[in-house]
Amino acid sequence: MERNLSSAHIAENWTPASWQAKPALQQPAYRDGAALERAVARLRELPPLVTAWEVLTLKRKLADAAAGRCFLLQGGDCAESFADCTAPVIANRLKVLMQMSLVLVHGLMLPVVRVGRFAGQYAKPRSADTETRDGVTLPCYRGDIVNASAFTIDAREPDPERLIEAHSKSALTMNFVRALSDAGFADLHHPEHWDLAWAAHSPLYDEYRKMARSIGESLRFMEALAGEPPRGDAKVDFYTSHELLLLNYEEAMARRVPQHWGWFNLSTHFPWIGMRTAQIDGAHVEYCSGIRNPIGLKVGPGVTIDQLLRTIDVLNPANEAGRLTLITRMGASKIDAELPKHLHAVKAEGRRVLWCCDPMHGNGETTPGGVKTRRFENIRAELETAFDIHAACGTHLGGVHLELTGEDVTECLGGARNLTEADLARAYKSTVDPRLNYEQSLEIAMLIVRKRGM
Ligand code: PEP
Ligand code: MN
């Protein structure tokens, strides 16, 4: 039965600043209000990072993913850092996403829509406002757009100038992403040149090797059809996303686009609302209700069906396809008990959503030595179980949301090389959540294909 949409919130009184009348969680306490206002005023004058036309194109692709006509691959760092705004880090991240998408395209026989967690993923929600070390208490680190991670009073002071720097770093990242994407990644079209040494350590080595060989064969077949190698100018699309968290920044990046009838957030194509700020009467939901971008909403184990359906109505009162992506992050141990009821309710109420699985955020743990990590086996288990539960409920899992990097880090346990607790010390670089490294990311793409395709 359709719920009564007329009772849903209508964004009549919405403005980019209307969130200010609502409770806004996870915002920093800026000490100098005048400096904040000056920074926000400058930000408002700076050019946008994306266009409304691109945003609407992505929305159509997300509608396609919901209908099973393509697959969403969304991935990147937990948080970008200003220091990592460098050519090798950006290029390696694109490279791993591109290779994963080639695996998925050939294995699932579907187009893949590639969305990075980049060019603006600078704000982090935290579980506590302060952090104490050796008896000293300081404000928590909230991401490079707010303060710095070093444990000193100066570093932790929220600095409004960082809003401008985040915009610049996002623009630099976007510029390089666009340049690399325009060049088409032709050199990645040959799996025989990929670094697949890790696969030899897996019991699934034979399957992985077969998969890489068959990708190579179909790429060569397509080249033969075209009569030439992949062209260097065959553009590959990448879209951007980030957690919509720091509302002063997002307000300044809201732009009215008369040709497309309305307001867009032009700092990113695809903002999402995190678990900690998804209150139905809260500031983040209010802000998102008035912009025309596609919106992601994280859905975790505590969310009730009533809460979920009411939030869907606020964010997508017209039940528009492609507008809302529900990113479920239940945890491998809770997904069986939690996910089916959400799928059944949303389906029964006829709500149009794209279902996407984030197998990272419900699977965090801390080692006895105090290191934040995630086990590859739990990530894999949540993802594979999500596919099974969707199949059993008659719903469609149309995408995956991952925290990953193209670097050779050791932050998540397990994978083909079976990283152990002792390995974590070798190359643990994240200041926030642990990411899949290059090899573990590629392995996840192959496991998705093993589960669903070929
Ligand atoms: C995140 O995606 O980095 C995050 C904080 O996720 P969640 O809101 O699902 O905990
Ligand atoms: Mn994270």
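The legends below describe close-up views of a predicted model.

Local features are given where pLDDT is at least 70 and side-chain atom pairs count only at pLDDT 80 or more, whereas totals for chains, interfaces and linings use all residues. Residues are numbered from 1 along each chain as its sequence is written, and chains are lettered from A and ligands numbered from 1 in the order in which they are written.

**View 1. The closed barrel of eight strands.**
The strand order is β1-β2-β5-β8-β9-β10-β11-β14, with parallel pairing. Strands pair if DSSP finds at least two bridges between them; strands (E, at least two residues) and helices (H or I, at least four residues) are DSSP runs numbered from the N terminus. From one strand to the next the twist averages 30°. Angles run from 0 to 180 degrees between N-to-C directions, and axes are lines fitted to C-alpha atoms, for helices over the stretch in contact.

**View 2. Pairing of β11 with β14, and helix α3 on the sheet.**
Three bridges connect strand β11 (residues 354–357) with strand β14 (residues 397–403) in the parallel sense. Cysteine 356 has glycine 399 in β14 as its bridge partner. Helix α3 (residues 87–108) packs on the sheet and touches β1 (71–76) and β2 (112–116). The direction of α3 makes about 160° with that of β1. Contact here and below refers to residues whose C-beta atoms, placed from the backbone, lie within 7 Å.

**View 3. The hairpin of β6 and β7.**
Strand β6 (residues 254–257) and strand β7 (residues 262–265) run antiparallel and are joined by four bridges. Alanine 254 has asparagine 265 in β7 as its bridge partner. Four residues lie between the strands, and tryptophan 261 takes a positive phi near 50°.

**View 4. The shell around ligand 1.**
Cys78, Pro125, Glu243, Gly274, Met275, Arg276, Lys298, Arg329, His361 and Asp433 surround ligand 1. A residue is near a molecule if its C-beta atom, placed from the backbone, lies within 6 Å of it. The shell comprises three nonpolar, two polar and five charged residues. Ala, Val, Leu, Ile, Met, Phe, Trp, Tyr, Cys and Pro count as nonpolar, Asp, Glu, Lys and Arg as charged, and the others, Gly among them, as polar.

**View 5. Helix α9 against helix α10.**
The axes of α9 (residues 305–315) and α10 (residues 335–348) come within 10 Å and cross at roughly 45°. The two helices are therefore oblique to each other. Angles under 35 degrees count as roughly parallel, over 145 as roughly antiparallel, 65 to 115 as roughly perpendicular and the rest as oblique. α9 passes α10 in a right-handed crossing, in which the near helix is turned clockwise from the far one by less than a right angle. Ile305, Leu308 and Leu309 of α9 make the contact with Lys341, His342 and Ala345 of α10. The contact has four nonpolar, one polar and one charged residues.

**View 6. Helix α10 against helix α11.**
The axes of α10 and α11 cross at roughly 40° and come within 10 Å, which makes α10 oblique to α11. The crossing is right-handed. Residues of α10 that meet α11 include Ile335, Leu339 and Leu343. Across both helices the contact has seven nonpolar, three polar and three charged residues.

**View 7. Helix α11 against helix α13.**
The axes of α11 (residues 376–393) and α13 (residues 438–452) come within 11 Å and cross at roughly 30°, so α11 is roughly parallel to α13. Phe376, Arg380, Leu383, Glu384 and Phe387 of α11 contact Gln440, Leu447, Ile448, Lys451 and Arg452 of α13.

Terms used: Two residues are in contact if their C-beta atoms, placed from the backbone, lie within 7 Å.
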